[in-house]
Protein chains: 2
Amino acid sequence: MTTSHVEEKKSRVEVAYLSLRYAIIEQALEPGTKLPEDAIGSVFEMSRTLAREVLTKLQYDGLVEVKRKRSATVARPSLTEAQEVFGVRKCLERAVVRQICERWSKVMEEELEKHIRAEDDAIKADNNALSIRLAGEFHIRLAELSGNSLLKKYVDEVVSRCSLILALYARPHSSQCAVTEHRELIKAFSAKDVPRALELMNEHLGAVEQRAMIPGTATKKLDLCDVIQKYAGQIDHA
Amino acid sequence: MTTSHVEEKKSRVEVAYLSLRYAIIEQALEPGTKLPEDAIGSVFEMSRTLAREVLTKLQYDGLVEVKRKRSATVARPSLTEAQEVFGVRKCLERAVVRQICERWSKVMEEELEKHIRAEDDAIKADNNALSIRLAGEFHIRLAELSGNSLLKKYVDEVVSRCSLILALYARPHSSQCAVTEHRELIKAFSAKDVPRALELMNEHLGAVEQRAMIPGTATKKLDLCDVIQKYAGQIDHA
DNA sequence: TCGATAAATATTGTACACATTAAAATCAAA
DNA sequence: TTTGATTTTAATGTGTACAATATTTATCGA
């Protein structure tokens with residue numbers, strides 16, 4: 001979920017929020033990792049007050065879990081929760097598809113094409129983390145183009161959650177198929193073929209969901225501060 | 001959005017949150033009303049730290065608007081936003097209907113019947129504020145019974161928003177029709193008639209939406225503290 | 001009297017302190 | 001060595017302080 005739209009300089013909380021978000025989604029931070037307020041605060045040079053704010057935002061995105069009097073932890077969604085997320089996601093994205101078919105325009109097509117090219121590049125550069133993120137962001141773009149800002153907000157949230165779920169449960173996969181499917185979708189939009197677009201989206205999300213249902217491999221253990229700082233660096237330049 | 005489920009004594013923030021939520025939804029607090037952290041804090045006897053927390057929660061529900069360096073205010077959703085909310089709501093509730101038809105059981109039927117009786121009672125007692133709230137809560141119950149907790153969370157949010165929208169834009173209406181429609185829905189569930197249930201839900205939400213599109217009447221001006229304290233009293237006993 | 005400017009006040013942003021509680025470490029006894 | 005109790009440490013819950021910024025009020029000139 002984004003904080004505010006027009007803002008010359010990203011606020012510290014936003015930098016921290018995005019850094020952690022990326023770190024979690026790309027699974028640089030293993031689920032279950034503790035995120036003490038002090039630690040967050042010192043990494044991003046802010047007080048606990050602000051660190052809490054960041055953690056709260058991540059909690060709303062379903063990326064961290066907060067229990068009373070315990071450190072926040074990187075969320076570890078259960079398989080049941082995963083299924084729930086996919087259920088909601090399908091229903092939201094169907095609505096997105098319908099909206100987009102109604103308002104489809106050349107400008108939208110160009111924008112999405114551009115995004116897909118970026119996805120392609122990431123794959124060719126063998127940048128797996130990036131290509132996973134871009135695949136998710138394609139759907140967020142779609143939601144944006146639906147013109148319904150609440151819908152966009154919700155899609156944003158479920159996509160975050162899905163990213164984490166995929167990171168957790170997915171078997172290694174080729175992002176290439178996602179790109180192909182994305183292109184097919186655009187074709188259907190161009191043809192204003194709603195049933196076809198809905199069908200494609202269903203299949204596409206189904207494929208994503210299928211990938212998610214096999215336990216993933218073990219994860220590496222890294223130093224919290226190092227990991228976070230790496231991502232903070234990326235945000236600064238953005 | 002609820003804070004936590006098992007909790008003997010409601011925390012202060014929860015009391016404050018619910019109080020304000022009700023006060024806003026029942027339009028005891030006019031949209032645009034400023035909600036300074038100090039004021040919230042002194043009414044509920046908490047520090048600004050906690051008052052902020054409460055306001056943040058309300059913000060996520062779309063019930064208050066927060067702008068940097070300005071007091072939070074009771075939200076005043078535009079007509080466009082209202083339409084967006086209804087759009088998302090329809091799509092979410094359709095998903096709820098499908099889920100419920102799949103898992104329908106006698107227990108669920110009884111629970112919903114009980115709720116509808118409460119709606120009826122409120123209408124007969126001419127308690128308009130209560131009957132409006134219960135009409136909304138019927139949908140939250142449905143979402144709960146869908147068994148998908150994320151879906152429930154989102155329905156919860158859109159119903160809050162809708163309540164505020166109705167309070168803002170709705171012409172006076174008979175809640176009775178809502179009750180009738182609710183009963184019809186239950187019949188369709190019992191028959192496991194998905195298309196019929198979907199149709200009913202569509203019509204029902206369409207009716208609600210229609211009611212919303214006419215500017216409401218002027219609202220009274222009351223003292224912030226008095227209003228809030230009245231609602232705080234209600235929560236305490238709950 | 002009206003409008004503009006300046007002083008005063010109200011309110012938020014953020015850090016920090018202190019009490020409380022959970023987690024970890026230490027130690028004692030079986 | 002293992003287990004359970006106890007101390008120590010780490011982390012959160014919440015109030016408060018002080019600076020920065022809006023908003024309101026007061027003041028002054030035309």
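The model is predicted. DNA strand C is surrounded by 15 residues, and DNA strand D by 16 residues. The helix pairs described are H1(B) with H3(B), H4(A) with H7(B), and H4(B) with H7(B).

**Surface near DNA strand C**

- Among the 15 residues that surround DNA strand C, the closest are Arg12(A), Ser47(A), Lys69(A), Arg70(A) and Arg52(B).
- Sugar or phosphate accounts for 63% of the atoms of DNA strand C that lie within 4 Å of the protein, and bases account for the rest.
- The side chain of Ser47(A) places an N or O atom 2.5 Å from a phosphate oxygen of DNA strand C.
- For the side chain of Arg52(B), the distance from an N or O atom to a phosphate oxygen of DNA strand C is 2.7 Å.
- Lys69(B) takes part through its backbone, where a polar atom is 3.1 Å from a phosphate oxygen of DNA strand C.
- Two or more residues of the surface near DNA strand C come from helix H3 (48-60) of chain A, and likewise from H3 of chain B.
- H3(A) makes the greatest contribution to the surface near DNA strand C, namely three residues.
- In terms of residue class, the surface near DNA strand C comprises ten charged, three polar and two nonpolar residues.

**Surface near DNA strand D**

- Of the 16 residues around DNA strand D, the closest are Arg52(A), Ser71(A), Arg12(B), Ser47(B) and Thr49(B).
- Within 4 Å of the protein, 60% of the atoms of DNA strand D are part of sugar or phosphate, while the rest are part of bases.
- Ser47(B) has a side-chain N or O atom 2.6 Å from a phosphate oxygen of DNA strand D.
- Arg12(B) has a polar side-chain atom 2.8 Å from a phosphate oxygen of DNA strand D.
- A base is also contacted: a polar side-chain atom of Lys69(B) is 3.1 Å from a base nitrogen of DNA strand D.
- At least two residues of the surface near DNA strand D are supplied by each of helix H2 (37-43) of chain A, H3 of chain A and H3 of chain B.
- H3(B) provides the largest share of the surface near DNA strand D, with three residues.
- The surface near DNA strand D consists of eleven charged, three polar and two nonpolar residues.

**Packing of H1(B) with H3(B)**

- Helix H1 (residues 12-25) of chain B packs against helix H3 (residues 48-60) of chain B at about 45°, and the axes are 9 Å apart.
- H1(B) and H3(B) are therefore oblique to each other, and their crossing is right-handed.
- H1(B) contributes Arg12(B), Val13(B), Ala16(B), Tyr17(B), Leu20(B) and Arg21(B), which meet Leu50(B), Glu53(B), Val54(B), Lys57(B) and Leu58(B) of H3(B).
- This contact of H1(B) with H3(B) holds seven nonpolar and four charged residues but no polar ones.

**Packing of H4(A) with H7(B)**

- Helix H4 (residues 79-103) of chain A and helix H7 (residues 149-169) of chain B have axes 7 Å apart and an angle of about 50° between them.
- That angle makes H4(A) oblique to H7(B).
- On the H4(A) side the contact involves Glu84(A), Val85(A), Val88(A) and Leu92(A), and on the H7(B) side Ser149(B), Leu150(B), Leu151(B) and Tyr154(B).
- By class, the contact of H4(A) with H7(B) has six nonpolar residues, one polar and one charged.

**Packing of H4(B) with H7(B)**

- Helix H4 (residues 79-103) of chain B packs with H7(B) at about 140°, with the axes 9 Å apart.
- That angle makes H4(B) oblique to H7(B), and the crossing of the pair is left-handed.
- The residues of H4(B) in this contact include Leu79(B), Phe86(B), Arg89(B), Glu93(B) and Val96(B), while those of H7(B) include Leu151(B), Tyr154(B), Arg161(B), Cys162(B) and Tyr169(B).
- The contact of H4(B) with H7(B) contains 16 nonpolar and three charged residues, and no polar residues.

Conventions
Residues are numbered from 1 along each chain as its sequence is written. Chains are lettered from A and ligands numbered from 1 in the order in which they are written. This is a predicted model: local features need pLDDT of at least 70, side-chain atom pairs count only at pLDDT 80 or more; totals for chains, interfaces and linings use all residues. Side-chain values use heavy atoms; hydrogens and water are left out. Axes are lines fitted to C-alpha atoms, for helices over the stretch in contact, and angles run from 0 to 180 degrees between N-to-C directions. Helices (H or I, at least four residues) and strands (E, at least two) are DSSP runs, numbered from the N terminus. Angles under 35 degrees count as roughly parallel, over 145 as roughly antiparallel, 65 to 115 as roughly perpendicular and the rest as oblique. A crossing is left-handed if the near helix is turned anticlockwise from the far one by less than a right angle, and right-handed if clockwise. Contact means heavy atoms within 4.5 Å. Ala, Val, Leu, Ile, Met, Phe, Trp, Tyr, Cys and Pro count as nonpolar, Asp, Glu, Lys and Arg as charged, and the others, Gly among them, as polar. A residue is near a molecule or strand if one of its heavy atoms lies within 4 Å of it. A polar contact is a pair of N or O atoms within 3.5 Å; within protein, one must be able to donate a hydrogen and the other to accept it, and residues adjacent in sequence count only if both atoms are side-chain atoms.
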